[in-house]
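Here's a quick walk through a ligand site and a sheet. Have the viewer open as you read.

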Amino acid sequence: MNRSACLIFNPVAGQGDPEVDLAAIRAILEPEMALDIYLTTEELGADKLAQEAVERGVETIIASGGDGTLSAAAVAVAGTDIPLGIISRGTANAFAVALGIPDTIDAACRTILQGVTRNVDVAYCNDLPMILLTGIGFEAETVERADREAKKRFGIMAYVLAGFQELRELESFDVEIETEDKIIKTSASAVTVANAAPPTSVLAQGPAGIIYDDGLLDLTIVAPNSKAGAIAATYHLFQSASSGNAAERDDIGYLRAKQFKITADPPQKVVIDGEVVGKTPVDIKCLPAALKIFVPSAPEEELVEKLEGLPNLTIELKEPAED
Ligand SMILES: Nc1ncnc2c1ncn2[C@@H]1O[C@H](COP(=O)(O)OP(=O)(O)OP(=O)(O)O)[C@@H](O)[C@H]1O
């Protein structure tokens, strides 16, 4: 065994049994790598534990928990040369999905063992690090409504329910967006700036297919003029994400740039990577390739068939037909 890692494990993340999860991780990783295991507590979070690991000069840092734990560890590791392994055990697992990392314990551990890394951009919003996205307006409100209690009970549905509640109170605001080469003024109900985003972050999907290692950020403006329009726009963005085709409605705009300065009137709440952090204005910049992450060596194969789990299932393989 010649590899070693500091494993930062959140024992309260997600809905699984933490003891079973930790035992599964150890069973796969420990034959190949010496693990130094730290459990997060309410007082001592993944941010502090990862910072301390960076200061000790560890070879690898592995974070296991929900998006909060993973983002906090990523932020501490950003700008160093230490590679980060991700074992996602949260509700939405946005972080893993956005970066193309499997979200089962088994596949995530095997990804780390394979040892292939990729450099990922990190953005800073008002000097706070952001790995995934900043939401202004609609998305910000949605996150606030999907509280921890609801997430535990309803899982990812909590976000969807919160989104529907939000539609009833849709409000638009004036927004000014300044990039390195232009200033845009419009009205909007939501402005989302993404470095990386999973397809479930619907409001980030204007350009469809957000590239996390191009040194650029993707901004999506959603500006529906009625509640029905808001539902239609949201659905259109959902389809953009699934089809990979950029949005085409008049009430959706998008652009790519290295940096954005955004002001809103009236000022809007701002959410960075799922945490409400304050209000506009914001200044967001991209720091290219600041984070080194373990990723699968080849993209996951898309399932063309799924039958397991069907009642009374039998599958019989036929002899190849003669022609
Ligand atoms: N031992 C602990 N006891 C109580 N709270 C903890 C402990 N360790 C971490 N936390 C809290 O867990 C939160 C981070 O949770 P994390 O995002 O990893 O999981 P989650 O909320 O289940 O995931 P998701 O965001 O996907 O629902 C932080 O607010 C942190 O303070």
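Start with threonine 69: one of its polar side-chain atoms sits 2.4 Å from an oxygen atom of the ligand. Keep in mind that this is a predicted model. On the nitrogen side, a ligand N atom is 2.8 Å from an N or O atom in the side chain of threonine 40.

How much of the ligand's accessible area does the protein cover? On its own the ligand has 650 Å², and the protein covers 75% of that.

## Who makes up the shell

In total, 19 residues surround the ligand, and the closest are Gly14, Thr40, Gly66, Thr69 and Thr91. Sorted by class, the shell has 10 polar, 5 charged and 4 nonpolar residues.

Two elements give two or more residues to this shell: helix H3 (67-77) and helix H7 (148-154). Domain 1 (4-115) and domain 2 (129-287) each supply at least three shell residues.

## The six-stranded sheet

Now for the sheet: 6 strands line up as S12-S11-S10-S7-S14-S15, in an open arrangement with antiparallel pairing. Strand S12 (252-257) and strand S15 (275-279) are the edges, each pairing on one side only. Ignoring direction, neighbouring strands here are turned by 20° against each other on average.

Zooming in, strand S7 (residues 133-137) pairs with strand S10 (residues 190-194) over 5 bridges, in the antiparallel sense. Which residue in S10 is the bridge partner of threonine 134? That's valine 193.

Definitions and conventions. Residues are numbered from 1 along each chain as its sequence is written. This is a predicted model: local features need pLDDT of at least 70, side-chain atom pairs count only at pLDDT 80 or more; totals for chains, interfaces and linings use all residues. Side-chain values use heavy atoms; hydrogens and water are left out. A residue is near a molecule or strand if one of its heavy atoms lies within 4 Å of it. A polar contact is a pair of N or O atoms within 3.5 Å; within protein, one must be able to donate a hydrogen and the other to accept it, and residues adjacent in sequence count only if both atoms are side-chain atoms. Accessible areas come from the Shrake-Rupley method with a 1.4 Å probe; for residues, only the protein chains shown count as cover. Helices (H or I, at least four residues) and strands (E, at least two) are DSSP runs, numbered from the N terminus. Ala, Val, Leu, Ile, Met, Phe, Trp, Tyr, Cys and Pro count as nonpolar, Asp, Glu, Lys and Arg as charged, and the others, Gly among them, as polar. Domain bounds come from an automatic or database domain assignment. Two strands pair if DSSP finds at least two bridges between them. Axes are lines fitted to C-alpha atoms, for helices over the stretch in contact, and angles run from 0 to 180 degrees between N-to-C directions.
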